[in-house]
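Here is a brief report on a single model. It covers a few loop and strand positions, then the ligand site.

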Amino acid sequence: MLVQGRKVLITGGSRGIGRALVSEYLREGASVWYLGLRKGDFEEYQRIAQASGAQVSFAECDVADAAALTGAAKDAVKAAGGFDVLVNNAGITRDGLSFRMALKDWNDVLATNLTAAFLLSQIVVQDMFMKKIAGAVVNISSIVGVMGNGGQVNYAASKAGLIGFTKSLAREVAPRNIRVNAVAPGFIQTSMTDKLNEEQKAALEKQIPMARLGGPEDVAKAALFLSCDLSSYITGHVLHVTGGLGM
Ligand code: NDP
């Protein structure tokens with residue numbers, strides 16, 4: 001088991017990539033705390049946890065609400081006694097052309113996708129620092145943060161921001177043996193991409209060298225790699241999980 005006995009905090013574990021993250025970490029022996037708006041299939045998580053001798057806990061929290069997030073993070077750190085791994089996964093899109101984009105759509109996306117990662121890291125990584133835990137942070141960015149995408153200025157800015165955040169925090173905490181990396185997924189089959197119609201999906205597949213969308217587990221496995229001992233000398237890296245898109 002790759003992360004046996006480790007303690008992992010994940011945001012947005014109810015569905016999509018978050019669901020794959022919670023499941024993969026539990027399967028690999030880690031105990032998982034996840035924060036989010038909804039619990040998802042908690043019974044399934046409990047079954048996986050039981051099989052690998054791990055534990056799973058959920059706390060309801062809107063990560064875009066700074067006060068709620070800070071409170072939930074402090075409670076989780078106290079209950080777990082500190083985390084070895086933090087995965088900033090919760091994310092939203094509010095697409096629209098920039099000239100027509102409402103300030104609220106800009107602010108909501110930045111608060112959920114970027115500011116939440118900053119606030120959570122302040123609490124969780126500082127705790128790793130104080131307790132001398134050789135921890136790992138994995139930020140779920142996006143290939144859109146690298147390439148840009150028309151109609152997604154807010155989302156692309158948040159995901160590019162996460163990359164700058166990842167590299168800067170990595171430099172700050174590297175001397176303490178805390179690693180900070182990002183995963184930049186391409187187009188992954190979740191409710192986020194279910195909004196695309198068949199024509200749009202076919203057009204996308206033409207741009208992807210591997211000619212297919214990825215699955216949530218492809219992203220979860222990359223995050224797992226970046227947070228286990230297999231990647232112990234890797235920090236400040238952005239791992240593309242895109243089937244070749246953007247290379
Ligand atoms: P989904 O829309 O399927 O899931 C999003 C998750 O984030 C859900 O668990 C949701 O919780 C949670 N979430 C959203 N807003 C909040 C909030 N305010 N507070 C707490 N939790 C929240 O998306 P994906 O699984 O596809 O995306 C996961 C991450 O991967 C995101 O950061 C996304 O940007 C990124 N990504 C996805 C790609 C894709 O193609 N799918 C490509 C590149 C990056 P709830 O169910 O309760 O709403």
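Asn177 counts as partly exposed because its relative accessibility is 48%. Buried means under 20% relative accessible area, exposed over 50%, and partly exposed in between (1.4 Å probe, protein chains only). The model is predicted: local features need pLDDT of at least 70, side-chain atom pairs count only at pLDDT 80 or more, and totals for chains, interfaces and linings use all residues. Residues are numbered from 1 along each chain as its sequence is written, and side-chain values use heavy atoms, with hydrogens and water left out.

Asn177 is in the loop between H6 and strand E6 (179–185). Helices (H or I, at least four residues) and strands (E, at least two) are DSSP runs, numbered from the N terminus. Asn177 is not a glycine, yet its phi is positive, at about 65°. Most residues other than glycine have a negative phi. Ala211 also has a positive phi, of about 55°. Ala211 is in the loop between helix H8 (198–207) and helix H9 (216–227).

| Residue | Relative accessibility | Class |
|---|---|---|
| Asn139 | 0% | buried |
| Ala134 | 54% | exposed |
| Ala211 | 47% | partly exposed |

Ala134 lies in the loop between helix H4 (103–131) and E5. From Ala134 to Gly243 the separation is 109 residues in sequence and 31 Å in space, C-alpha to C-alpha. Asn139 belongs to strand E5 (residues 136–140). The side chains of Asn139 and Thr166 form a polar contact of 3.0 Å. A polar contact is a pair of N or O atoms within 3.5 Å; within protein, one must be able to donate a hydrogen and the other to accept it, and residues adjacent in sequence count only if both atoms are side-chain atoms.

Now the ligand. Around the ligand are 30 residues, of which Ser14, Arg15, Asn89, Tyr155 and Thr190 come nearest. A residue is near if one of its heavy atoms lies within 4 Å. By class, the shell has 13 nonpolar, 13 polar and four charged residues. Here Ala, Val, Leu, Ile, Met, Phe, Trp, Tyr, Cys and Pro count as nonpolar, Asp, Glu, Lys and Arg as charged, and the others, Gly among them, as polar. H7 gives the most to the shell, with three residues.

Which polar side-chain atom lies 2.5 Å from a ligand oxygen atom? One belongs to Ser14. A polar side-chain atom of Thr190 is also 2.5 Å from an oxygen atom of the ligand.
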